[in-house]
Amino acid sequence: MNLFLTFLKTFAVGGLICVIAQLLINYTKITSARILVSFLLAGVFLQAIGVYQYVVDFAGSGATVPIIGFGYLLAKGAMEGAKEGLFGAITGGITSAGIGITSAIIFGYVFALIFKSKSKKN
Amino acid sequence: MKTKNQYINNNYLNYVKSVAPKTNEVRSLLRAFWVGGFICCLGQFFRIIIENNFELPPDMTAGYVSMIMIFLGSFLTGLGVYDRIGKYAGGGSIVPITGFANSVVSPAIEFKTEGYIYGVASKMFTIAGPIIVYGVASSVLVGLIYYIYYLVV
């Protein structure tokens, strides 16, 4: 039952974040790149003012899997690094987001080598 | 002259409006909701598996989860499946981290014919580039603000 509740929270919060994006797509002419960047900046901002941690504690992956969670991770790393000094403040963000960026580059490159373009056939 | 242009412009815009496919708004919201929620639940599923089988600090667990999600997003993009999910779900497929992976892999595959430097490696960052630039810049800003805050307080 507890497990069910966890997934329900994840589903609801993750779904709601995506609905906000869909609302932006429906009612404005905003491109997906802009949605990604503004959601990312929203995540950085919400974590910087100390709000997003509560959402993450509540919804788990529902809050961290959307791109807002990537911004949250960047801001969190920077804030933790800032406790250790100037060097930490500058490198903290990209250190904590390093796994995401690295895996996107590695998997992106490898799959680009393996697969061929399919978009023309669809 | 200007008014005539505006008239033509308006006419054209009305024409575009009448021809462009009307997306059923409620349906598109529902689709974004369940697909986005489902992708997040998939992440939660991997997170619980990692938590139960490996004793890792929470940050590392979250890191491995995003790595798995990025792997899945890239793989499905390579197979051509993710673009179909995107057509169905819209925002539900863009916002999760799998959408970020899609935005990296999709142009990389598309522009493979232009070579491995100006094609694959350069086009990979068409959308991911801005995300990394603004992400890193804003995180440095937050870091500096907190650094000064800790110095003062």
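## The largest nonpolar core

In this predicted model, the largest nonpolar core holds 65 residues, and A:L36, A:I67 and B:F100 touch the most other members. Helix 5 of chain A, residues 67-84, gives the most to this core, with 10 residues.

Setting aside neighbours within four places in sequence, A:I67 is in contact with A:L36, A:F39 and A:L40 from chain A, and with B:V95, B:I97 and B:F100 from chain B.

## Chain A on its own

Chain A has 6 helices and 0 strands, and reading along its sequence gives the pattern α-α-α-α-α-α. The C-alpha trace of chain A spans about 55 × 40 × 35 Å along its principal axes. Of its 122 residues, 48% count as buried. If you take the contacts in chain A between residues at least 6 apart in sequence, 56% of them join residues at least 24 apart.

One helix pair within the chain can be followed residue by residue. The axes of helix 1 (residues 2-27) and helix 3 (residues 52-59) of chain A come within 8 Å and cross at roughly 135°. Angles over 145 degrees would count as roughly antiparallel, so helix 1 and helix 3 of chain A are oblique to each other. Here A:K9, A:T10 and A:V13 of helix 1 meet A:V55, A:F58 and A:A59 of helix 3. By type, the residues of this contact divide into 4 nonpolar, 1 polar and 1 charged.

## Where the two chains meet

The contact between the chains takes 66 residues from chain A and 64 residues from chain B. On the chain B side, helix 2 (25-53), helix 3 (58-79), helix 5 (91-94), helix 6 (97-110) and helix 8 (125-152) each supply at least two residues. Helix 8 of chain B provides the largest share of that side, 17 residues. The side of chain B that touches chain A divides into 39 nonpolar, 19 polar and 6 charged residues.

## Helix 5 of chain A with helix 8 of chain B

The axes of helix 5 of chain A and helix 8 of chain B come within 8 Å and cross at roughly 35°, and the crossing is right-handed. On the chain A helix, the residues that meet helix 8 of chain B include A:F70, A:G71, A:L74, A:A75 and A:K83. Their partners in helix 8 of chain B include B:G135, B:S139, B:V140, B:Y146, B:Y147 and B:Y150. This contact divides into 11 nonpolar, 6 polar and 1 charged residues.

Helix 8 of chain B is also the place of B:L144. With 15 C-beta neighbours inside 10 Å, B:L144 counts as partly exposed.

## Helix 6 of chain A with helix 3 of chain B

Helix 6 of chain A passes helix 3 of chain B in a right-handed crossing.

Among the residues making this contact are A:S96, A:I99, A:G100, A:F107 and A:F111 of helix 6 of chain A, along with B:D59, B:G63, B:M67, B:I70 and B:F75 of helix 3 of chain B. The residues of this contact divide into 9 nonpolar, 8 polar and 1 charged.

Note on methods
Residues are numbered from 1 along each chain as its sequence is written. Chains are lettered from A and ligands numbered from 1 in the order in which they are written. This is a predicted model: local features need pLDDT of at least 70, side-chain atom pairs count only at pLDDT 80 or more; totals for chains, interfaces and linings use all residues. Two residues are in contact if their C-beta atoms, placed from the backbone, lie within 7 Å. Helices (H or I, at least four residues) and strands (E, at least two) are DSSP runs, numbered from the N terminus. Ala, Val, Leu, Ile, Met, Phe, Trp, Tyr, Cys and Pro count as nonpolar, Asp, Glu, Lys and Arg as charged, and the others, Gly among them, as polar. A crossing is left-handed if the near helix is turned anticlockwise from the far one by less than a right angle, and right-handed if clockwise. A nonpolar core is a set of buried Ala, Val, Leu, Ile, Met, Phe, Trp, Tyr and Cys residues joined through C-beta atoms within 7 Å. A residue is buried if 20 or more other C-beta atoms lie within 10 Å of its own, exposed if 12 or fewer, and partly exposed in between; C-beta atoms are placed from the backbone. Axes are lines fitted to C-alpha atoms, for helices over the stretch in contact, and angles run from 0 to 180 degrees between N-to-C directions. Angles under 35 degrees count as roughly parallel, over 145 as roughly antiparallel, 65 to 115 as roughly perpendicular and the rest as oblique.
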